[in-house]
Amino acid sequence: MKRLSFVIPCYNSEQTIQNVVERVEKTVCEDGRYDYEIVCVNDGSKDATYAVLRELSINPKIKVIDLARNFGQHSALMAGFNYVDGDIIVCLDDDGQNPPEEMFRLIDKLQEGYDLVSAKYTRDTRTFIRRAGTKVSMAMSHYLVSMSKDIELNSYYTMKRFVVDEIIKYQNPYPFVHGLALRVTRNMANVEIRHDDRMAGTSGYNLHGLIRLWLNGFTAFSEKPLRLASVTGVACATTGIISAFVIVIRKLTGSISAIGYPSMMAAMLFFCGVIMLFLGLLGEYVGRMYICINNAPQYAIRETKNIKAETSKERIAEAERDKYIEKGTEDADKSLTEKTEKRIYEKGISA
């Protein structure tokens with residue numbers, strides 16, 4: 001029997017997470033086709049979320065990871081991905097807005113041959129900031145990593161195990177899960193699913209958090225922003241050269257009028273602003289390189305419940321190590337056979 005692994009990042013969800021977990025369990029048990037596990041990652045909650053998760057972990061199928069501080073939703077997902085055992089991974093929110101009862105519409109679509117299937121909300125009940133954030137993230141994905149414009153990636157999605165195995169090979173800080181998934185595959189599909197009202201509380205995302213997420217996606221997976229800086233520089237230089245020719249021609253023909261101080265200052269402020277904007281963008285790249293070189297962690301785990309010591313990453317490394325040893329043995333046998341055949345051939349010639 002195949003296993004489903006649910007990964008749920010939790011932040012200040014003491015009033016909702018138990019209901020979400022119970023609905024997930026009920027839906028899977030009623031279907032009866034799959035075994036399951038639920039990995040809940042407490043991302044530095046300020047309320048009693050972790051206490052609720054500890055109570056839920058009485059069920060051995062519910063794994064709990066308690067992060068040392070708030071690292072962000074995508075880092076929490078990466079922590080969960082490292083401890084899943086399932087063949088199919090399902091990600092959903094902790095606030096009840098992603099209805100667990102709809103999960104098999106995503107999973108059955110995945111079985112049609114896709115690598116990742118995401119919900120496409122028919123009615124979006126999120127705040128304006130969250131909706132705007134999603135649109136910006138989609139625009140970045142379309143531009144930076146050439147994602148198909150027909151595809152939407154939201155927080156409710158399912159993917160095959162090999163996609164997760166590739167995603168967790170990324171070990172640097174500032175993970176952006178959608179970008180990492182797009183690095184692995186473009187074989188994706190959407191399923192229209194309703195988006196319920198939030199059961200309690202408010203979203204953990206504010207404008208600052210969304211801007212930070214945008215910067216992660218904007219600078220972590222493509223050099224196109226730097227190319228944009230080069231293109232803008234060329235465009236500005238070309239505009240300046242053309243303007244210089246126009247001024248010279250008008251001067252020679254005597255039709256030039258005096259250029260005022262305000263227009264000159266406006267032009268200077270505009271071009272200085274463009275320069276500073278792209279210097280700041282370059283600084284973001286350099287700063288993130290510096291932090292990566294210093295081995296800043298994606299996340300830090302304080303405590304776990306029902307978690308085996310071996311992570312998915314360690315299992316992958318062990319499998320690759322065994323494959324390497326097996327290949328080395330085969331190469332050694334092949335080399336020995338070739339040397340033996342060569343000696344027999346040389347003895348035959350000398351005879």
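This is a predicted model: local features need pLDDT of at least 70, side-chain atom pairs count only at pLDDT 80 or more; totals for chains, interfaces and linings use all residues.
**Entry 1: helices H1 and H2**

I began with two helices and kept in mind that a packed pair is described by the angle between the axes and the distance between them. For helix H1 (residues 17-31) and helix H2 (residues 49-56) I noted an angle of about 30 degrees, with the axes 10 Å apart. Angles under 35 degrees count as roughly parallel, and H1 and H2 are therefore roughly parallel to each other. I then looked up which residues make the contact, and found that Ile17, Gln18 and Val21 in H1 meet Val52, Leu53 and Leu56 in H2. Sorted by class, this contact of H1 with H2 has five nonpolar residues, one polar residue and no charged ones.

**Entry 2: the buried side of H2**

Staying with H2, I asked which of its residues are buried. They are Thr49, Tyr50, Val52, Leu53 and Leu56. Looking down the axis of H2, I noted that these buried residues fall within an arc of 155 degrees, so they line one face of the helix. I also wrote down what covers the buried residues of H2, and this includes H1 together with strand E1 (3-10), strand E2 (35-42), strand E3 (62-67) and strand E8 (301-305).

**Entry 3: helices H3 and H7**

Next I turned to helix H3 (residues 73-81) and H7, which pack at an angle of about 55 degrees with their axes 9 Å apart. H3 and H7 are therefore oblique to each other. On the H3 side the contact is made by His74, Leu77, Met78 and Phe81, and on the H7 side by Val177, His178 and Leu180. I divided the residues of this contact of H3 with H7 by class, which gave five nonpolar, two polar and no charged.

**Entry 4: salt bridges**

In the pair of Glu37 and Arg3, the closest N and O atoms are 3.5 Å apart. Glu37 counts as buried, at 2% relative accessibility, whereas Arg3 counts as partly exposed, at 25%. I also saw that Arg3 and Glu37 belong to a network of salt bridges in which they are linked with Asp35, Lys61, Lys63 and Asp85.

In the pair of Asp66 and Arg302, the closest N and O atoms are 3.3 Å apart. Since Asp66 lies in strand E3 and Arg302 in strand E8, the pair ties together parts that are 236 residues apart in sequence. Asp66 counts as buried at 3% relative accessibility, while Arg302 is exposed, with a relative accessible area of 54%.

In the pair of Arg194 and Glu102, the closest N and O atoms are 2.8 Å apart. Arg194 is in the loop between strand E7 (188-193) and helix H8 (207-220), and Glu102 is in the loop between strand E4 (88-91) and helix H4 (103-110), so that the pair links distant parts of the chain, 92 residues apart. Arg194 counts as partly exposed at 35% relative accessibility, and Glu102 is buried, with a relative accessible area of 15%.

**Entry 5: two residues with positive phi**

I then checked the backbone, remembering that most residues other than glycine have a negative phi. Asn12 is not a glycine, and yet I noted a positive phi of about 50 degrees for it. Asn12 is found in the loop between E1 and H1, where it is partly exposed, with a relative accessible area of 32%. Tyr174, also not a glycine, has a positive phi of about 60 degrees. I located Tyr174 in the loop between helix H6 (161-167) and helix H7 (177-184), and with a relative accessible area of 26% Tyr174 is partly exposed.

**Entry 6: Cys236**

Last, I asked where Cys236 is placed. Cys236 lies in helix H9 (residues 224-253), and at 21% relative accessibility it counts as partly exposed, given that buried means under 20%. I also looked up Cys236 together with Val274, which is 38 residues apart from it along the chain, and found their C-alpha atoms separated by 9.3 Å.

Technical notes: Residues are numbered from 1 along each chain as its sequence is written. Side-chain values use heavy atoms; hydrogens and water are left out. Axes are lines fitted to C-alpha atoms, for helices over the stretch in contact, and angles run from 0 to 180 degrees between N-to-C directions. Helices (H or I, at least four residues) and strands (E, at least two) are DSSP runs, numbered from the N terminus. Angles under 35 degrees count as roughly parallel, over 145 as roughly antiparallel, 65 to 115 as roughly perpendicular and the rest as oblique. Contact means heavy atoms within 4.5 Å. Ala, Val, Leu, Ile, Met, Phe, Trp, Tyr, Cys and Pro count as nonpolar, Asp, Glu, Lys and Arg as charged, and the others, Gly among them, as polar. Buried means under 20% relative accessible area, exposed over 50%, partly exposed in between (1.4 Å probe, protein chains only). The arc is that of the directions from the helix axis to the C-beta atoms. A salt bridge is a side-chain nitrogen of Lys or Arg within 4 Å of a carboxyl oxygen of Asp or Glu.
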